[in-house]
Amino acid sequence: MSAPDPQPARAALVRLVRDEGRRVLATLVRVTGDLGLAEDAVQDATERALATWPRDGVPPEPRAWLTLTARRRAIDLARREAARGGKEADAVVLLDPPTDDADAPDVRDDLLRLVFTCCHPALDVPSQVALALRTLCGLSTAEVGHALLVSEATMAKRLTRAKQKIARAAIPYRVPADHELPERLRGVLATVYLLFNEGYSASDGDAPMRPALVDEAVRLTRLLGELMPGEASVLGLLALELLQDSRRAARHDPDGRPVLLPDQDRSRWDRARIAEGVVLVGEGLRRSPDAPDPYVVQAAIAACHALAPSWPDTDWAAVLSWYEVLLTVQDTPVVRLNRAVAVAELRGAEAGLAELAAVTGLDGYPAAHAARAELLARLGRADEAAAAYAAALRLPQNAAQRAHLRERLAALTGR
Amino acid sequence: MPTYAAIIYSSDLDWTAPEQEAVMADYTEFGEAAAAVIRGGAALYPTGTATTVRVRGGKGGDIVTTDGPFAETKEVLSGFYLLECADLDEAIKLAAQIPGAWDGGVEVRPIIQFGG
């Protein structure tokens with residue numbers, strides 16, 4: 001018998017501490033009513049855990065250990081703060097006997113409250129994303145900065161400002177009332193999906209994608225699924241993320257250049273993720289019989305692609321009809337662009353171009369110019385296609401996308 | 001409980017003019033509905049009555065006054081309430097009932113409780 005490899009063991013430990021840490025944090029925010037204090041206390045407890053557990057072994061009740069350690073630290077911090085302000089400590093409330101049964105419903109509720117606090121519409125979206133990574137995913141400030149491509153100092157400032165606003169403006173630590181819930185949940189999911197997309201197709205920088213960010217977004221969506229079981233839009237978002245991410249290994253060539261869906265090696269798609277995603281689509285559709293949910297419908301479209309043996313053999317009629325449904329709940333230029341691409345596959349490039357010409361508001365969107373260029377090239381209109389590629393290249397995008405477009409343009413003009 | 005300033009930005013109207021009676025009735029209605037949490041407030045005369053004061057060159061420098069409001073915009077600061085609410089969600093819900101919220105917009109800001 002050989003000793004277990006320390007690297008995976010270390011990674012598992014970090015994961016355990018992080019997952020338990022966010023639950024402990026959620027509880028501590030409720031008890032102290034102070035996100036900043038709770039965070040400092042939990043950070044201290046998780047650092048201690050990472051320092052001592054590898055030596056002494058993981059305690060039988062990791063969460064109880066973390067909770068107790070964090071509570072003690074919070075009391076210290078609160079006393080110190082009180083002494084500085086010359087006030088009586090409120091720390092006594094922290095001495096309540098802990099009720100941290102591992103899967104107690106109140107721990108779940110605490111986490112859900114924290115979700116709605118961090119994604120409150122009174123916070124700007126970059127702050128929501130940063131807070132979600134810091135408090136809900138349990139990343140350190142440095143890791144959040146790294147994930148979002150800003151310096152640790154900048155991220156620390158952004159997080160401090162956000163926490164200050166939560167405290168000063170008294171943004172509540174509460175699950176919204178039933179009548180507000182659908183709208184607030186939409187905001188939460190939009191933030192999580194933004195996080196996913198930031199990782200899935202990095203909007204700038206040299207890396208075409210940031211897998212760690214994708215993984216955090218999927219993990220966060222799974223958490224939401226646990227917290228709000230049976231919620232169609234959460235099922236839909238998780239399905240959408242899994243189905244899109246099932247293509248991870250096939251989306252780029254070894255040089256990091258994007259490989260578009262038609263050209264991907266489908267044997268490299270992650271079948272387990274596809275299977276899970278497809279089941280979730282079905283569940284999401286069953287849970288939203290009266291009003292289509294935009295995430296569920298987008299996931300249904302992704303499922304059509306995931307289940308197709310090849311690009312030409314895709315069920316384009318089904319894809320197109322899902323886009324028609326999507327337009328009834330989410331009529332945006334990007335949805336119309338994608339619908340035009342489906343039309344082109346089903347009825348030919350000419351029909352697709354006509355659809356595309358009818359869509360307005362896409363001038364600043366490189367993919368729209370690229371799609372137009374593809375269709376023009378298919379029709380042999382090379383000069384117009386080259387002009388469309390050139391228009392796409394003038395817009396901001398990441399280095400890999402740029403290289404891909406240059407290649408297409410070169411192939412076209414080289415003929 | 002926190003107290004919020006609900007700062008009303010609306011068209012530059014004269015609350016005292018007879019043609020504002022309907023709007024004033026809406027405000028009276030809000031004032032009665034929210035009486036339990038209103039801690040203060042004021043309606044302001046139109047920006048034609050405003051004078052903006054700046055001191056150039058730091059403390060003790062030259063006083064420069066300009067006629068008119070701080071910024072010439074279509075929507076102007078026309079009044080404010082002080083609302084004592086449990087949290088921001090409650091303050092937002094109330095602010096949405098202030099007529100200025102549909103005539104213009106209402107900015108909600110926590111007020112500092114000195115010496116609290």
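Begin by selecting chain B and reading along its sequence: the pattern is β-α-β-β-β-β-α-α-β. Chain B thus shows three helices and six strands, where helices (H or I, at least four residues) and strands (E, at least two) are DSSP runs, numbered from the N terminus. The model is predicted, and local features need pLDDT of at least 70, side-chain atom pairs count only at pLDDT 80 or more, and totals for chains, interfaces and linings use all residues. Residues are numbered from 1 along each chain as its sequence is written, while chains are lettered from A and ligands numbered from 1 in the order in which they are written.

Keep the whole chain selected. The C-alpha trace of chain B spans about 45 × 45 × 20 Å along its principal axes. Of its 116 residues, 16% count as buried; a residue is buried if 20 or more other C-beta atoms lie within 10 Å of its own, exposed if 12 or fewer, and partly exposed in between, with C-beta atoms placed from the backbone.

Next, select strand β1, residues 3-10 of chain B. Its covered face carries Y4(B), A6(B), I8(B) and S10(B), whereas T3(B), A5(B), I7(B) and Y9(B) form the uncovered face.

Two strands pair if DSSP finds at least two bridges between them. Within this pair, locate Y9(B), which stands opposite L77(B).
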